[in-house]
Amino acid sequence: MSRPLPKAGRYALRAASLAVALAGWQLLTSRDIDLWLRFSQFPTVTDVASAFADRLTGPDYWTDLTASLTRILTGFLLAAVLGVATGVLIARSPLAEDLLGPFLEVVRPIPAIALVPVAILLFPSNEQGIVFITCTAAFFPVLVSTRHAVRALTPVWEEAVLTMGAGRWRIIASVVLPGALPGIFGGLSVGIGVSWICVISAEMISGQYGVGYRTWQDYTVVDYAGVFVGMVTIGVLGWLTSTAVELLGRRLTRWLPRTSYAGRRTPRRARSTRTDVPVSVRPKEGIPHDQLV
């Protein structure tokens with residue numbers, strides 16, 4: 001197997017791959033190449049960069065950015081709290097599973113963006129409706145991952161804490177939540193991505209400000225460079241928020257052992273050369289200790 005590149009080399013490789021993609025985009029669009037795909041209809045990289053620079057100097061871009069970030073953070077934080085709490089409750093309480101499980105399993109397959117009419121009917125303002133859709137989108141990935149993570153915990157940990165006289169809340173705080181954190185952050189990583197998809201779609205349908213609203217407006221006036229500005233903005237914001245969730249998860253689960261790359265060789269354990277142990281009772285290589293005679 002190939003050995004992994006050093007950290008600087010990996011960053012250089014990532015930058016090079018992005019540069020190649022942009023160069024290919026510029027080449028295909030600037031030469032109006034039409035094979036099966038119609039690249040002549042696309043704006044060039046330079047057109048998008050020029051439109052991006054114009055947007056950065058105007059107030060509308062920053063207003064839309066603030067509106068989208070406010071909606072995504074509010075909805076995602078609500079989904080994180082509610083999803084973790086509901087997941088732990090369902091995983092540890094048969095009564096809660098019987099009461100809440102059927103309703104949640106019926107609602108879960110419904111796409112969050114399909115709830116836009118419900119949000120319009122329920123909430124007095126579009127802003128609250130968009131936050132509701134964003135929260136719903138992230139809620140179910142967090143709920144499912146938390147439920148599975150809690151159920152996968154070994155009961156030995158809880159029994160050990162019970163023997164020391166711990167109560168229900170101490171068990172949840174000391175055993176359940178720390179043990180389920182890797183699974184919870186897996187759901188949070190999925191949830192933040194789904195939240196961006198739904199908040200942009202909701203802004204396109206019923207928003208008055210936001211990146212999604214501005215992208216749709218650019219499409220209606222045939223400003224394709226502006227459409228790509230919105231797409232790039234969405235991609236960068238999604239990458240930054242998902243990276244922040246991942247870094248927070250690594251920070252809170254730094255006690256976990258980290259797997260290394262497959263190409264990295266681990267040093268061999270030195271063979272025991274002790275002479276004070278009789279040969280008949282030394283561990284035999286390749287045989288588990290519980291099978292030694």
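In this predicted model, helix H3 passes helix H6 in a right-handed crossing. The two helices, H3 spanning residues 59-92 and H6 spanning residues 126-151, pack at an angle of about 35 degrees, and their axes lie 6 Å apart. The residues of this contact comprise 18 nonpolar, 7 polar and 5 charged.

**Overall architecture**

- The protein contains 10 helices and 0 strands.
- Read along the sequence, its elements follow the pattern α-α-α-α-α-α-α-α-α-α.
- The protein has 293 residues, of which 31% count as buried.
- When contacts between residues at least 6 apart in sequence are considered, 68% of them join residues at least 24 apart.

**Packing of H8 against H10**

- Helix H8 covers residues 168-206 and helix H10 covers residues 224-252; their axes come within 10 Å and cross at roughly 165 degrees.
- Because of this crossing angle, H8 is roughly antiparallel to H10, the cut-off for that description being an angle over 145 degrees.
- The crossing in which H8 passes H10 is right-handed.
- On the H8 side, the contact is formed by Leu 181, Phe 185, Leu 188, Ser 189, Ile 192, Trp 196 and Ile 200.
- On the H10 side, the contact is formed by Ile 234, Leu 237, Gly 238, Thr 241, Ser 242, Val 245, Leu 248, Gly 249 and Leu 252.
- Sorted by class, the residues of this contact are 11 nonpolar and 5 polar, with no charged residues.

- Glu 203 is located in helix H8.
- Glu 203 counts as buried because its relative accessibility is 0%, where the cut-off for buried is under 20%.
- A polar atom of the Glu 203 side chain lies 3.3 Å from the backbone nitrogen of Val 211.
- Apart from its neighbours within four places in sequence, Glu 203 is in contact with Ser 68, Arg 71 and Ile 130, as well as with Tyr 209, Gly 210, Val 211, Gly 212 and Tyr 213.

Key. Residues are numbered from 1 along each chain as its sequence is written. This is a predicted model: local features need pLDDT of at least 70, side-chain atom pairs count only at pLDDT 80 or more; totals for chains, interfaces and linings use all residues. Side-chain values use heavy atoms; hydrogens and water are left out. Axes are lines fitted to C-alpha atoms, for helices over the stretch in contact, and angles run from 0 to 180 degrees between N-to-C directions. Helices (H or I, at least four residues) and strands (E, at least two) are DSSP runs, numbered from the N terminus. Angles under 35 degrees count as roughly parallel, over 145 as roughly antiparallel, 65 to 115 as roughly perpendicular and the rest as oblique. A crossing is left-handed if the near helix is turned anticlockwise from the far one by less than a right angle, and right-handed if clockwise. Contact means heavy atoms within 4.5 Å. Ala, Val, Leu, Ile, Met, Phe, Trp, Tyr, Cys and Pro count as nonpolar, Asp, Glu, Lys and Arg as charged, and the others, Gly among them, as polar. Buried means under 20% relative accessible area, exposed over 50%, partly exposed in between (1.4 Å probe, protein chains only). A polar contact is a pair of N or O atoms within 3.5 Å; within protein, one must be able to donate a hydrogen and the other to accept it, and residues adjacent in sequence count only if both atoms are side-chain atoms.
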